[in-house]
Amino acid sequence: MNPLIIFALMVPILLNPTAVKPGEEISVSLYGNGTYVLEISDPNIYFNESLTNKIVATPGIYEIKVGFETTPGMKTLSVRYENGSLASPPKNFLVLPLSEADLSNLIQSASKVESELISLKKQIITLENEIKQKEAEIEKLKSQPQSNGEKIKDLEAQIEKMRLDLLTKENEVSKLKLKINELNGTISSLQTQLEEVKSEKAELESQMSSLGSPEFVEATKLGFFFVLAFTAGILISLLRR
């Protein structure tokens, strides 16, 4: 078969962006006809639609979330037919490590979520008190000899609305608690990683210092970081093609 025909039969899939950090999202555009199985190599990266790293999908646009627990490195998105055969060459994307600046942002985010949580809890307490007051008012009306049917119905409708609002806020509280736990876990993990990196950097500088003069040390450092930056630049450039 003509190689051009084989290429045309492949299912096009585009990722945007192709380099991300934990907590960020990637847009996946799937083209072609029929139904396909999309699977990400890392279980900590998941489709927003299913909250898993594998979905059955038709052509369209899908969002995937890079979980905070995702380890840095190259990840792969595979596209297969339902029979298991590859429908397209796997797409690679790079998960970058979080930095000290990211750690600061995470701590700010956790603080903001915590403030939202406290505010919601206060609103819940206020709603609970209002419900109790209206229930007491209903009991008082029921004990009176004159007919207060319409007023009682109105109060009961208000209570029902408040209970629904209360349930919504309690659900939001549960979600915020989960988010805070996730952020705190990520902050702790990142703090450990940064300490390890600082320790490795100090050890490397000590080893280089023992090799010779300050001029040699600086040249070695410059060469090391140049090679690192050059390699990373090539890698990101290839991923964006």
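1. Strand β1 pairs with strand β3 (residues 25–30) in the antiparallel sense, over four bridges, and N16 has S27 in β3 as its bridge partner. Strands here are DSSP runs of E of at least two residues, numbered from the N terminus, and two of them pair if DSSP finds at least two bridges between them.

2. The model is predicted, with local features needing pLDDT of at least 70 and side-chain atom pairs counting only at pLDDT 80 or more, while totals for chains, interfaces and linings use all residues. Residues are numbered from 1 along each chain as its sequence is written, and side-chain values use heavy atoms, with hydrogens and water left out.

3. An open sheet of four strands, with antiparallel pairing, runs in the order β1-β3-β7-β5. Because β1 (13–16) and β5 (45–47) stand at the edges with a single partner strand each, one side of each is left without a neighbour in the sheet. From one strand to the next the twist averages 25 degrees, the axes being lines fitted to C-alpha atoms and the angles running from 0 to 180 degrees between N-to-C directions.

4. The structure holds one aromatic pair. The ring centres of Y36 and Y81 are 5.7 Å apart and the planes stand at 45 degrees, so the pair is tilted (Phe, Tyr and Trp rings, the last by its six-membered ring, pair with centres within 6.5 Å; planes under 30 degrees apart are stacked, over 60 edge-to-face, the rest tilted). Y36 lies in strand β4 (residues 36–40) and Y81 in strand β8 (residues 73–81), 45 residues apart, and the pair thus links distant parts of the chain.

5. Y36 counts as buried at 3% relative accessibility, whereas Y81, with a relative accessible area of 30%, is partly exposed (buried is under 20%, exposed over 50%, partly exposed in between, with a 1.4 Å probe and protein chains only).
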